[in-house]
Amino acid sequence: MSNPYIPSIAIIQEVREETPDIRTFRLKLKEGEFTFTPGQFIELSVFGYGEAPFSVTSSPLDREFFEITVRKMGILTSALFKLGEGAMVGVRGPFGRGWPIEEMKGMNVLMIGGGIGIAPLKPVIEYILANRKEYGEVILLYGARTPSDIVYKRELEEWKNTIDVHLTVDRGDEKWKGRVGVVTVLFDEIEVDPKETYSIQCGPPIMMHFVTKKLVELGFGGDRIFLSLERLMKCGMGFCGHCTVSGRYVCKEGPVFSYSEIKNFIETAI
Amino acid sequence: MKIIEVRSLPKDFTEEFIGRLLENFQVIAPVRRDGRIFYERIADPHEVDLEYTGRSQLPPKRFFLPEKEVLFTYEITTEGILIYDRSEELEGLKRIFIGIRPCDIHSLKILDKIFFGKFHDPYYGLRRKNTLILGLTCNEALEYCFCAYMGSGPSIENGFDLLLTDLGDHYLVEIGSDKGKKLVYHNIDLFRSASFEDLKERRRILSQVESDIKKEPFPDLNRLYEALLKNFRADMWNKYGEVCLACGKCNFVCPTCVCFDVHDDPNLDLKSGKRVRVWDSCHFISFTRVAGGLVFRKERPSRVKQRVYHKYCYSVDEIGMFSCVGCGRCIETCPVNINIMKIAREVTSL
């Protein structure tokens, strides 16, 4: 039996700067292809610095490589930022339960992202763009702290051709002409039919708390609201205990949960 | 009715028996140090103390999930990164665990459920598979023992290869597996046949232990589960949060607390090193900290609750078992006298 703690070796193929402290890394496994479901995560090893979980952000249709988008935050991510093309890292996974992309077919999709929380939504967008006819109206609401913190700027411009994209920032600057305010302000720009729409969201807990409240007010049922929870998954397999919420393992049973599930948790998730 | 096969082992032959086991196995057994009992690897049958009462200071888990364990070593070379899987070294392990209590045997069944689920933990798995269990029932209950309420003692029906009961000048030996049978048959010169009286005496001792344990009340487990679900926001948790020092001792002495942290230990050349896992505690504030500094269980009551709820609530949904064996170690060890039996009684009386 293979040992699930042993990472596969991957090579960094490309590094793109998204913001001053966020980069996207394109990785290629040394051996074999990489397949995943949007919303799943990997455990990335920077040898000597340990391992940390990151959402896969590339299209699930690409199997030759995959990408992760990382904010420089601590020791491991700082070490990763020093690595360039050709450097080697370790990869375990993918792990967890992703977004219900099959179940959403034939329906409208409302996506809400906050900050780097847009990362796990990106593979859904990529998948929808490749299968555009299978989904109804598709809306993305995205909030960042400041205009320079907006990630995927180039992609957002492209996505605007195919899906409805709305942006806001917490604090604007002299050049910013768009909306200012938290992501929930964008709800007044859109019209959705909760009966025909799936909502999927990822962002800080406080954002997801208020977005979920808003969605419930709009009439979304608990099984039409999906959230990706952030926790520190150390092992990815439901052993180490770090990621539990209300006894549920975010690594194994999530990170995507429906609000129907979350509202029955005795411990607060968002 | 379960048919059991029993033998008798005269105490005069115990050392000889352990001596023979040492020829073929690594032997882990109860050893007395400064008046306290520890499970340790032994080299000589004289070290073994099978006369001890109650619980060992530390549970058996460290022999299956060591407090610090190297998962693999890595080497960064010009050719690439080489990884050496350390679980392979456990393939040839051959151990026997002597004198382990029924509650602790039960704890291993709980760990099996955790580590042999959707994913299989090879380090735990190999250690577990390659370790025979030679249990020893209790002749008396200690303060804080409550196995009788958790279904994990004082008698136990399976989970052992051999099970000993101290009957004065000899042990009643119950055979629990084919491997256990082999141990007896290969050393048949040391064993005698057991009598009906021996079985009756064992039953008498164990029911005495059980009734001694039950002098201190503990709620019905279904009621406890329901009461916890209902009282997550009760005031009582604040009281425990106020006194808990968040030291994590209860986790480390618990036979079923298995949470761990994973990190790298680089060598001084920075080109090689090891990935290790070390025991962690849900009482530590760092336990739920994510990148950027957000801590999900920041307040101490939430961390006190986490352990209690995991034992009597979450684990029932997760693995279909309560993950407490009633060994009483957390009660004995807590520096501020937090008593999980009292918590159980309190929450069910709300």
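This is a predicted model: local features need pLDDT of at least 70, side-chain atom pairs count only at pLDDT 80 or more; totals for chains, interfaces and linings use all residues.
**View 1. Chain B as a whole.** Chain B holds twelve helices and twelve strands. Its C-alpha trace spans about 65 × 65 × 40 Å along the principal axes. A compact globule of 350 residues would have a radius of gyration near 20 Å, and the 22 Å of chain B agrees with this.

**View 2. The two domains of chain B.** The domain assignment divides chain B into domain 1, residues 5-213, and domain 2, residues 221-348. Taken over C-alpha atoms, the centres of domain 1 and domain 2 of chain B are separated by 25 Å. Where the domains of chain B touch, 32 residues of domain 1 are in contact with 27 residues of domain 2. On the side of domain 1 of chain B that touches domain 2 of chain B, strand 4, helix 2 and helix 4 (147-150) of chain B each supply at least two residues. Strand 4 of chain B gives the most to this side, with nine residues. By class, the side of domain 1 of chain B that touches domain 2 of chain B has 20 nonpolar, four polar and eight charged residues.

**View 3. Helix 7 against helix 10 in chain B.** Two packed helices are described by the angle between their axes and the distance between the axes. Helix 7 (residues 221-230) of chain B packs with helix 10 of chain B at an angle of about 95°, and their axes are 10 Å apart. Angles of 65 to 115 degrees count as roughly perpendicular, so helix 7 and helix 10 of chain B are roughly perpendicular to each other. From helix 7 of chain B, the contact uses B:L224, B:Y225, B:L228 and B:L229. Helix 10 of chain B brings B:Y309, B:Y312, B:C313 and B:V316. The residues of this contact divide into eight nonpolar, no polar and no charged.

**View 4. The open sheet of chain B.** Eight strands of chain B form an open sheet in the order 3-2-6-7-8-9-1-10, and the pairing is mixed. Strand 3 (36-42) and strand 10 (192-193) of chain B are the edge strands, each pairing on one side only. Within the sheet, strand 7 (residues 131-136) and strand 8 (residues 162-166) of chain B run parallel and are joined by three bridges. B:L134 has B:L162 in strand 8 of chain B as its bridge partner.

**View 5. The open sheet of chain A.** In chain A, an open sheet of six strands has the order 4-3-6-1-2-5, with antiparallel pairing. Its edge strands are strand 4 (50-55) and strand 5 (66-71) of chain A, and each pairs on one side only. From one strand to the next, the twist averages 40°. Strand 3 (residues 41-46) and strand 4 of chain A run antiparallel and are joined by six bridges. A:E43 has A:P53 in strand 4 of chain A as its bridge partner.

**View 6. Where chain B meets chain A.** At this interface, 42 residues of chain B are in contact with 28 residues of chain A. Several elements of chain B each supply at least two residues of the side that touches chain A: strand 4 (68-76), strand 5 (81-85), helix 2 (102-115), strand 11 (260-266) and helix 10 (300-319). The residues of this side of chain B divide into 25 nonpolar, nine polar and eight charged.

Terms used
Residues are numbered from 1 along each chain as its sequence is written. Chains are lettered from A and ligands numbered from 1 in the order in which they are written. Two residues are in contact if their C-beta atoms, placed from the backbone, lie within 7 Å. Helices (H or I, at least four residues) and strands (E, at least two) are DSSP runs, numbered from the N terminus. Ala, Val, Leu, Ile, Met, Phe, Trp, Tyr, Cys and Pro count as nonpolar, Asp, Glu, Lys and Arg as charged, and the others, Gly among them, as polar. Two strands pair if DSSP finds at least two bridges between them. Axes are lines fitted to C-alpha atoms, for helices over the stretch in contact, and angles run from 0 to 180 degrees between N-to-C directions. Angles under 35 degrees count as roughly parallel, over 145 as roughly antiparallel, 65 to 115 as roughly perpendicular and the rest as oblique. Domain bounds come from an automatic or database domain assignment. The radius of gyration is taken over C-alpha atoms; the globule rule is 2.2 Å times the number of residues to the power 0.38.
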